[in-house]
Amino acid sequence: MMFILRMAAREIRSSWQRLLFFFICIAVGVAAIIALRSVIQSVRAGMSQQAQVLIASDILLTSNREFTSKVLDTIAAEQRGGRIGVVSRATEIPTMVRPADPSKAVARMVELRAVEREFPLYGTLTLASGTYSHDLLVNHGVVVRPELLAQLDLKVGDRILIGNVPFQIRGVIASEPGRSLGAFSLGPRVIIDYAALEETGLLAFGSRASRQLLLQVPGTAVEPLTTALRSTFANEFVGVRSYRRSEDQMGENLTRAENYLSLVGLVVLILGGIGVSSVTRVFVQQKLRSIAILKCVGATSREILAIYMTQVLLLGVAGSVLGVAIAAAVIAAVPAFIGNIPAVFQVEYGLTTAAVAQGFAVGLLVSILFSLVPLLDVRHVKPSLLLRHDIPPLARIDWVKWSVTGVVAASLVAVAAWQAGSLRVGLMLSGGFVATAVVLHLAGLALVRAVQPLRYSPSFALRQAVLHIARPGNQTRVILLAVGLGTFFILGVRTLQANLLQDFAVQVGEDAPDMFLIDIQPDQKDGLAAFLDEQNGSEPPPNIIPVLRARVTAVRGSEVNLESYEQVRGRGSLSREYTITYRPQLNSNEELLQGKWWDASPSTGEAEVSIEERLQERFRINIGDQMQFDVLGRTITARVTSIRKVNWRDYRSGGFMIVFRPGPFENAPHGYISSVNGPRDPAARARMQATLVSRYPNVSVIDLREVLDTIQGIVDGVTLGVTVVGGLVLFSGMLILIGAVSMTKFQRVYEAAILKTLGASSRLVATMLLLEYGVLGAIAGTVGALGAIVLSWAVARYALDLTWHATPAITLIGITATATCVAAIGVLASLDVLRHKPLATLRAE
Amino acid sequence: MIQLRGVSKTVMSGERPLTILHPLDLTIRSGQFLAVLGPSGSGKSTLLGLVAGLDAPTGGEIIIDDVDITRLGEDALAKLRGEKIGFVFQFFHLVPSLTAFENILIPMEIAGRRDASARAKRLLEEVGLADRGHHYPSQLSGGEQQRVAIARALSNDPPIILADEPTGNLDSTTGKLIMDLLLNVRRTRQTTMMLVTHDPDLASLADSRLVLRDGRPVEHVESRIPNPESRVQVTR
């Protein structure tokens, strides 16, 4: 045992530099796993301590209409019975605000929240300066997010108009309980007093207000009460949510995020592992004579295997320790990075024991698993090698090696499944990785073969470079795989991003409407139409579309029969609130699939409705079926007379799942929406919005150009994320490249010495190296770029349903950058080859 | 005592079998010094390798101290070499990543000897390299490397020393020093020694000589001088 430990230590002393880079790869992978897991586990720990902060209460009731007396009476009774403590009302509503100062002609959509004194029941609403108290809101006070101040060019103390009522800005919101982190929102948060909401006039019929009741529950009866309320309110269109449910849901999301993200680290680790495997094979080849000597003086194969396994283990431990150190440094930097994101609750970031243990274990496992198979070759080294050099290789099948390979492969799948937290994902990842590796490998082989004609090139340096790429033991495969994979990730996501943004840009083109007006009241319809017509100039008058909000409460059909809203709820999304319209004509973005479209006359008898094909596909509702709707408290029964297909990407005429034949709603109160092609000039655009909002304060404007900016921001964020992943992979690729170069350096130094003796200048040798790595890099870049094109095409075509556009600039830049990088690193890592004096080298041999 | 009974070795040369060593009987008594002579390719090194268990014979038995080593597995052979055989190669074959001192330590560490370090120091002194122990093989001359190899071969006090042209890669002066060292070792430790050489002068120092040609023994003579120690004295 002592012999094995001592020999392992001696071996590390002589070969650690050659193996270093591979274990830095292990370190990078381990660091990625530990850092990602730690961050998410820290967030979870923070969350479980302050879970009520997620919804600012124990139980949150929400409804899109006024709470019915049944709801209010039940809550009051429960409160009297002591099962509910504090009850606080709140309303959320998207609306427009604008500066009270008429010289500032701008308006913005915001997410308004009106709250009572008790808000928040849990957590604290923190302000950028000073402390929040409800007193700030009374008498027309308002606190706002800092973005709004910047957008409207305002400061604390200024006044803004909500509806037509002026409010004074009295604070800037830093963080707000009950607002989920990173959720998509239509605009910045604005908080006013609940009592002041009524007079803004925003609660007019048809507005998109969300009424909320925040409940505080004494003791531990939250779950039973939630269940009880949910069943009592089953037919009241009220959502009942407990903080535990939110915590569980968010916890599940976090677990999933943690597991998926740590797969990134695993991919880097596996690349490092492949590097380890490949370098171990070369290592054993270089150690053949030493192994034979050890056997000659009495060491058994098992002892020698143990020596090298111990060496791998020690280096694996060193790599993993380095990984922990890197992760610790990254975690220390996290608060600085996300400091400006409003945190819902306090999070103490730090390395968690569980994450460190996992990262460490995976690092060690990968090191051992990947080196085991190549190390088994030491068993076949014969001591007679020392007497004769021409040992014929063994032709028989090495069953031990094959079985170990099988066990190693199974273990790797198990590690992947463990990290992903799912056998299926583990299998998919392993399968995907093997498939990608095989494809990259085959593409690499094909390209290496494709450049082979260059071996007949008149340039000596180019001939040698091409020959070297195909040379055995040159690690070409590993470098192609690692660098190619990194390039593939980065170029793939860049190409996809370019495609996505290009598609949105095309949609918000010159002649398409780029502003949507919502919440138009019936009495505003004609005035607004005139205003828009005037803005539109020569364009045809804008379309003003009637909209109502409805829920399906029953379906009596040939294939389904849902008698009550409760049964409809059993069908999932069928129970959601639909925005419906009515019109006589079929729109240009619609196609009639089944049934017959009605004529222009309003329906007289039974109401008629046309549904989109997805409703037919998902819920088996067919022509002739009877659907019952609740439209703001009114029950309407209609027969399905046609099924339409909507081209959702052409939104100019709007897209509706459910369209009624005109008739039943003509005299019912309802709102309108409109789309308009706004001025391109930002100042004119802002002026128009401000004018519109000052005349019609309840009308909200969704500015598509701003939405596009938001989407661009999100896409940029995702792109950055994936680019970081690709960057990590590429970085490992470069490390493997450096490692491969230093592993085979001895051979190169020797060759360079012979070439120099035969008259080659250092310059020529340098050119050879540059060309060799340049060609290798270009092949790796091409492999990655081809993969990226296929990936982005497939995602665009099948997942996002976009038209795919080629992005030759990204492809070319990607290939050139990869080739340059690989060439530069290859030559820099080989500087020794150029520096060595030939005589010393030849003598040493 | 080493006994060879009908030992032969055949290898495949391309598609055709090639017999490097034809069936050979040979007995080497304990303490005997046997020189094996013959031109290149006559099977000398093959014979030596077979006796050391570095390779397996195609036919026959090799019995060392009543054990037929042809029936032993790789690991048992390694153990046997560690205990009973010291091997000296023409090309020294030191582990390049270990220092001279560490190269001498290896067999003793494998055997688990507690006095390994002290003994390695003594052996270094014995071969005249007391101050070179921390040097790597690449920092030593050929003669010095061979002396380290001899010290390594002696480290477990093996009763048998097998030397494959130990001076073949050295100049004549250095070669003579190495040979003196080996003979001195044999004299002081009474080891059995089998020496492969091209050099008839060296062979004349042996108790007996075996001459091989094309894998067959052409001459096997016992030396007329019964006490080899006197001959050692003579060469000095």
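A residue is termed buried if 20 or more other C-beta atoms lie within 10 Å of its own, with C-beta atoms placed from the backbone. The model is predicted: local features need pLDDT of at least 70, side-chain atom pairs count only at pLDDT 80 or more, and totals for chains, interfaces and linings use all residues. Residues are numbered from 1 along each chain as its sequence is written, and chains are lettered from A in the order in which they are written.

**Helix 21 of chain A**
- Helices (H or I, at least four residues) and strands (E, at least two) are DSSP runs, numbered from the N terminus.
- The buried residues of helix 21 of chain A include Ile810(A), Gly814(A), Thr818(A), Cys821(A) and Val827(A).
- Helix 21 (residues 808-829) has 22 residues and should span 32 Å at 1.5 Å a residue, which agrees with the 31 Å between its end C-alpha atoms; the expected span is 1.5 Å times one less than the number of residues.

**Domains of chain A**
- An automatic or database assignment provides the domain bounds.
- Chain A comprises domain 1 (1-50 + 259-421), domain 2 (51-249), domain 3 (434-511 + 703-845) and domain 4 (540-676).
- The C-alpha centres of domain 2 and domain 3 of chain A are 53 Å apart.

**Contact between the chains**
- In chain B, 27 residues are in contact (C-beta atoms, placed from the backbone, within 7 Å) with 26 residues of chain A.
- Helix 1 (44-51), helix 2 (74-84) and helix 3 (100-111) of chain B each contribute at least two residues to the side that touches chain A.

**Sheet of chain B**
- Strands pair if DSSP finds at least two bridges between them.
- Chain B has an open sheet of 6 strands in the order 6-7-8-3-9-10, with mixed pairing.
- Strand 3 (residues 33-37) and strand 9 (residues 208-213) of chain B run parallel, joined by 4 bridges; Val36(B) stands opposite Leu210(B) in strand 9.

Note on methods: Two residues are in contact if their C-beta atoms, placed from the backbone, lie within 7 Å. A residue is buried if 20 or more other C-beta atoms lie within 10 Å of its own, exposed if 12 or fewer, and partly exposed in between; C-beta atoms are placed from the backbone.
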